[in-house]
Amino acid sequence: MQQMDLEEIGRVAGRECARQQVDLEAMRRLLAAYEYVLKGPIFKGNPVQITMEIRELFYMVEPKTRGQLRRTPVTFKNGGTSCPPSEVAFVFARLAENLPRVGTSTEDEVDPWLKHFLWVHPCTDGNGRLAWLLYNYFGDNMHHPLPLPDYFGEEIG
């Protein structure tokens, strides 16, 4: 088993929270979700169960979302728009059916999946923080996390 680097986890989680301009409480919640994922196993059920588990992680990362899917439009800082609200539930369910495998190279499956996840922007808040957690989970970097790539050239909340 890999030795966990707690200092690195805190540093990279802190960088992600600072990038998204959230407070210390948001970082605490992100680290609690991180610990939950570390204890695993996660994403072992059918797509409906996986969808519910991702929504539970949203709730852990940002409780004000109540794990509910977004029903409002989102425009990114670069002027692009997210998935239309009327399609979020359908596209989110498809994402749950096509999760990357843990340990997959980021270029092969993780990056395209996460870029699509961020474009869907399933919840009103916490998408970027959850994407960072999933990026490290699927990339098998939980013990030595990496920063989330800036897929859109902007911060995504």
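**Close-up views of a predicted model**

**View 1. Salt bridge between Arg28 and Glu25.** Arg28 pairs with Glu25 in a salt bridge, with the closest N and O atoms 2.6 Å apart; a salt bridge is a side-chain nitrogen of Lys or Arg within 4 Å of a carboxyl oxygen of Asp or Glu. The model is predicted: local features need pLDDT of at least 70, side-chain atom pairs count only at pLDDT 80 or more, and totals for chains, interfaces and linings use all residues. Residues are numbered from 1 along each chain as its sequence is written, and side-chain values use heavy atoms, with hydrogens and water left out. Both Arg28 and Glu25 belong to helix H2, three residues apart, about one turn of the helix. Helices (H or I, at least four residues) are DSSP runs, numbered from the N terminus. Arg28 is partly exposed, with a relative accessible area of 47%, and Glu25 is likewise classed as partly exposed, at 35%. Buried means under 20% relative accessible area, exposed over 50%, and partly exposed in between (1.4 Å probe, protein chains only).

**View 2. Salt bridge between Glu62 and Arg29.** The side chains of Glu62 and Arg29 form a salt bridge, at 3.1 Å from N to O. This pair links distant parts of the chain, with Glu62 in the loop between H3 and H4 and Arg29 in helix H2, 33 residues apart. Glu62 is buried, with a relative accessible area of 8%. Arg29 also counts as buried, at 13% relative accessibility.

**View 3. Salt bridge between Asp125 and Lys64.** The closest N and O atoms of the Asp125 and Lys64 salt bridge are 3.3 Å apart. Asp125 lies in the loop between helix H5 (106–120) and helix H6 (127–138), and Lys64 in the loop between H3 and H4, so the pair ties together parts that are 61 residues apart in sequence. Asp125 counts as buried at 17% relative accessibility, whereas Lys64 is exposed, with a relative accessible area of 57%. Through shared partners, salt bridges join Glu25, Arg28, Arg29, Glu62, Lys64, Asp125 and Arg129 into one network. The count of salt bridges comes to ten.

**View 4. Surroundings of Gln68.** Gln68 is located in the loop between helix H3 (47–61) and helix H4 (88–97). With 34% relative accessibility, Gln68 is assigned to the partly exposed class. Not counting residues up to four places away in sequence, Gln68 touches Arg55, Pro122 and Cys123, where contact means heavy atoms within 4.5 Å. A distance of 8.5 Å separates the C-alpha atoms of Gln68 and Thr124, which are 56 residues apart along the chain.

**View 5. Packing of helices H2 and H3.** The axes of helix H2 (residues 24–39) and H3 come within 8 Å and cross at roughly 145°. Axes are lines fitted to C-alpha atoms, for helices over the stretch in contact, and angles run from 0 to 180 degrees between N-to-C directions. On the H2 side, Arg29, Leu30, Ala32, Ala33, Tyr36 and Val37 meet Glu53, Leu57, Met60 and Val61 of H3. By class, this contact of H2 with H3 has eight nonpolar, no polar and two charged residues. Ala, Val, Leu, Ile, Met, Phe, Trp, Tyr, Cys and Pro count as nonpolar, Asp, Glu, Lys and Arg as charged, and the others, Gly among them, as polar.

**View 6. Packing of helices H5 and H6.** H5 and H6 pack at an angle of about 165°, with their axes 10 Å apart. That angle makes H5 roughly antiparallel to H6, a term used for angles over 145 degrees. Residues of H5 in the contact are Thr106, Val110, Asp111, Trp113, Leu114, Phe117 and Leu118, and those of H6 are Asn127, Gly128, Leu130, Ala131, Leu134, Tyr135 and Phe138. The contact of H5 with H6 divides into ten nonpolar, three polar and one charged residue.

View 7. Gly40 and Pro41 are joined by a cis peptide bond, with omega about -10°, and Pro41 lies in the loop between H2 and H3. Phe43 lies in the loop between H2 and H3; its phi is near 60°, a positive value in a residue other than glycine. Phe43 counts as buried, at 11% relative accessibility. Asp140, in the segment after H6, has a positive phi of about 60° although it is not a glycine. Asp140 is partly exposed, with a relative accessible area of 45%.

How values were computed:
Helix = DSSP H or I, 4+ residues; strand = E, 2+ residues; numbered from the N terminus. Parallel < 35°, antiparallel > 145°, perpendicular 65-115°, else oblique.
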